[in-house]
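Grab a viewer and work through these exercises one at a time. Each one has a task, then a solution in steps.

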Amino acid sequence: MIRPNMHYADLKQSYLFYRIAQKTKAYSEANPEKHLYRMGIGDVSQPLCPAVISALHAAVEDQADADRFHGYMPECGAAFLREAIAAHYAERGVALAPDEVFVSSGASDELGDILDLFDRDSACLVIEPAYPAYVGANVMAGRRIVHLASGIEDGFLPAPDPKLEAELIYICSPNNPTGAVFSRLQLQSWVDWANARGAVILFDAAYEAFIEDETLPHSIFELPGARTCAIEICSLSKTAGFTGTRLGYTVIPKDLERHGMNFNGMWVSNRTTKTNGVSYIIQRGAAAVFTPEGQRQIRETISIYKNNARVLTEALDALGIWYTGGKNAPYIWLRCPGGMDSWEFFDRLLHEIQVVGTPGEGFGACGEGFFRFSTFGSPEETMEAANRLRRLLKNG
Ligand code: PLP
């Protein structure tokens, strides 16, 4: 009889989002007249920008014309998009060859698929609180996970410890869920740690477009030494509203080698075996993001989310609630007031002001007592949620 991958039995039910859905469903069924203010979702509320829409339309027309029609696309990405992305990095002073950029259908796919490149006996370090997929993908692969807790003391930005025993490490900066961003110096210490041990950093840059403090690194490749120890995984989901359109990209420098194996070459083998590339139409839409017009337009959309962040953080400031994030990231991570635990606070917000957030405990044990607000909602809903929060908590 075929033996399943028994590691799937070790997966914890996607308990966080399942439990949120159960609780909100039960509340809505009991209170059908009440509108819910959803400040928990990681999905965007604003549409694609006009430059992307017109590129998508033009690409559809190409597919209707025998002379301009495209069939299978190159597995690692269309040259026009790989070049556009490399040129975008060059503007920030990061020199990449276009064939160091791999086009993907999103960061989630890559964060898990990339694990094919590493021995299953290697241990994986996850800095917590963390995006739950890091743990899930490694549990499925049967890999040992080393959990590194962070907290208020280190600003949710822990430093490497020479005693840490792991060969793979996920770093997410700006971070989901905490919104914390590693400084150049802090990130450099992880790069040095990885090079010294021969480890590889999987750098999740899904939220780099939200950085406004330009002393902070958008890309790990801005740091010396990163080309020999890092893979960067990026996404247009939050940068340009591609959550439903799907496009991401992954940077694997040609200098990244271990045991005589070159990871860039290995990923070419992986992609040419396991995918047939991303749709021509979507890649044309994505290329429009990297034009001057596209960049200007996505900035306008991001500024809507940044304004949401301001509305929420002003409410938290007025209430004297500790938080991090919100400035260089689309998430706000706050300490639950009055010593409440994450789920108690969740229930209180749901039942008393119909605001739905995300309990921090779902991102790792050290997230207990914290709570995440997303800034991706509509401005109207965010404003109302902030007002309700002020009214509820002003008297403790
Ligand atoms: N990485 C982080 C930290 C995320 O929060 C998300 C989505 O919420 C992703 C990756 C996935 O992005 P994508 O939509 O490109 O799959």
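**Exercise 1.** In which helix is the place of N138? Work out its surroundings too.

*Solution.* Some ground rules to begin with: this is a predicted model, where local features need pLDDT of at least 70, side-chain atom pairs count only at pLDDT 80 or more, and totals for chains, interfaces and linings use all residues. Residues are numbered from 1 along each chain as its sequence is written, and side-chain values use heavy atoms, with hydrogens and water left out.

- Step 1: N138 sits in helix α5, residues 132–140 (helices are DSSP runs of H or I with at least four residues, strands are E runs of at least two, numbered from the N terminus).
- Step 2: N138 has a relative accessible area of 0%, so it is buried (under 20%; exposed is over 50%, partly exposed in between, with a 1.4 Å probe and protein chains only).
- Step 3: A polar atom of the N138 side chain lies 2.8 Å from the backbone oxygen of Y134.
- Step 4: Skip the neighbours within four places in sequence, and N138 is in contact with L115, C124, R143, I145 and Y170 (contact means heavy atoms within 4.5 Å).

**Exercise 2.** Find the strand order of the open sheet of seven strands, and what stands at its edges.

*Solution.*

- Step 1: The order reads β2-β8-β7-β6-β5-β3-β4, with mixed pairing (two strands pair if DSSP finds at least two bridges between them).
- Step 2: β2 and β4 (145–149) each have a single partner strand, so one side of each lacks a neighbour in the sheet.
- Step 3: Now zoom in on β8, residues 248–251. Strand β2 (residues 101–104) pairs with β8 in the antiparallel sense over four bridges, and F102 has T250 as its bridge partner there.
- Step 4: Strand β7 (residues 230–235) also runs antiparallel to β8, joined by four bridges, with E232 opposite V251.
- Step 5: Both faces of β8 are covered: G248 and T250 on one side, Y249 and V251 on the other, are all buried.

**Exercise 3.** How do α11 and α12 lie relative to each other, and which residues make the contact?

*Solution.*

- Step 1: The axes of α11 (residues 342–353) and α12 (residues 379–393) come within 11 Å and cross at roughly 105° (axes are lines fitted to C-alpha atoms, for helices over the stretch in contact; angles run from 0 to 180 degrees between N-to-C directions).
- Step 2: The two helices are therefore roughly perpendicular to each other (65 to 115 degrees; under 35 is roughly parallel, over 145 roughly antiparallel, the rest oblique).
- Step 3: F345, R348, L349, E352 and I353 of α11 meet R388, L389, L392 and L393 of α12.

Conventions
A polar contact is a pair of N or O atoms within 3.5 Å; within protein, one must be able to donate a hydrogen and the other to accept it, and residues adjacent in sequence count only if both atoms are side-chain atoms.
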